[in-house]
Amino acid sequence: MSQFHSVSSRPSPALQAYVIELGEDQIGLVSRRADERDFTFIAASSAFRALEGQRFATPGAAESAARRLARQPRHSPLRLAS
């Protein structure tokens with residue numbers, strides 16, 4: 001299971017941001033300002049561009065959506081060396 005990593009080293013009431021990882025790959029991040037209810041996804045990989053700008057209630061919900069996208073046959077974003 002992946003972990004969420006806070007982008008900032010200290011808590012900030014003005015902004016929350018978390019890196020979204022699948023395995024060892026950083027595929028995007030989610031962020032929200034203090035006045036926002038949901039997190040907005042920002043893709044770090046073109047394979048996850050379909051999620052760009054989508055809003056999620058939690059970082060975990062964004063990760064779940066990324067996992068579903070990665071399982072689709074036409075999207076093979078994670079190519080691991082053998």
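Mentor: With that, A44 touches Q26, I27 and G28, leaving out residues up to four places away in sequence. This is a predicted model, where local features need pLDDT of at least 70, side-chain atom pairs count only at pLDDT 80 or more, and totals for chains, interfaces and linings use all residues. Residues are numbered from 1 along each chain as its sequence is written, and side-chain values use heavy atoms, with hydrogens and water left out.

Trainee: Where is the place of A44?

Mentor: A44 lies in the loop between strand 4 and strand 5. Helices (H or I, at least four residues) and strands (E, at least two) are DSSP runs, numbered from the N terminus.

Trainee: Does A44 count as buried or exposed?

Mentor: Exposed, because its relative accessibility is 60%. The cut-offs: buried is under 20% relative accessible area, exposed is over 50%, and partly exposed is in between, with a 1.4 Å probe and protein chains only. A44 and D25 are 19 residues apart in sequence, and their C-alpha atoms are 9.8 Å apart in space.

Trainee: Step back a bit. In what order do the elements run?

Mentor: β-β-β-β-β-α from the N terminus on. That is one helix and five strands. The protein has 82 residues, and 28% of them count as buried.

Trainee: How do strand 2 and strand 3 pair?

Mentor: Antiparallel, over eight bridges. Two strands pair if DSSP finds at least two bridges between them. Y18 stands opposite V30 in strand 3. The two strands form a hairpin with two residues between them, and G23 in the turn has a positive phi of about 65 degrees.

Trainee: And how many bridges join strand 3 to strand 4?

Mentor: Four, and these strands also run antiparallel. L29 stands opposite I42 in strand 4. Here the hairpin has five residues between its strands.

Trainee: I keep looking at S31. Why does S31 count as buried?

Mentor: Because its relative accessibility is 16%. S31 sits in strand 3. Beyond four places in sequence, S31 touches L15, Q16, A17, E36, D38, F39, T40 and I42.

Trainee: Which of its residues are buried?

Mentor: In helix 1, P59, A62, E63, A65, A66 and L69. Seen down the axis, they fall within an arc of 160 degrees, so they line one face of helix 1. The arc is that of the directions from the helix axis to the C-beta atoms.

Trainee: What do those buried residues pack against?

Mentor: Strand 2 (15–22), strand 3 (25–33), strand 4 (39–43) and strand 5 (55–56).

Trainee: Which residues have the most contacts inside the largest nonpolar core?

Mentor: I27, F41, F48 and L51, in a core of 13 residues. Such a core is a set of buried Ala, Val, Leu, Ile, Met, Phe, Trp, Tyr and Cys residues joined through side-chain atoms within 4.5 Å. Strand 2, strand 3, strand 4 and helix 1 each give two or more residues to this core. The largest share, four residues, comes from helix 1.

Trainee: What is F41 in contact with?

Mentor: Leaving aside neighbours within four places in sequence, its contacts include I20, I27, F48, L51, F56 and A62.

Conventions:
Contact = heavy atoms within 4.5 Å.
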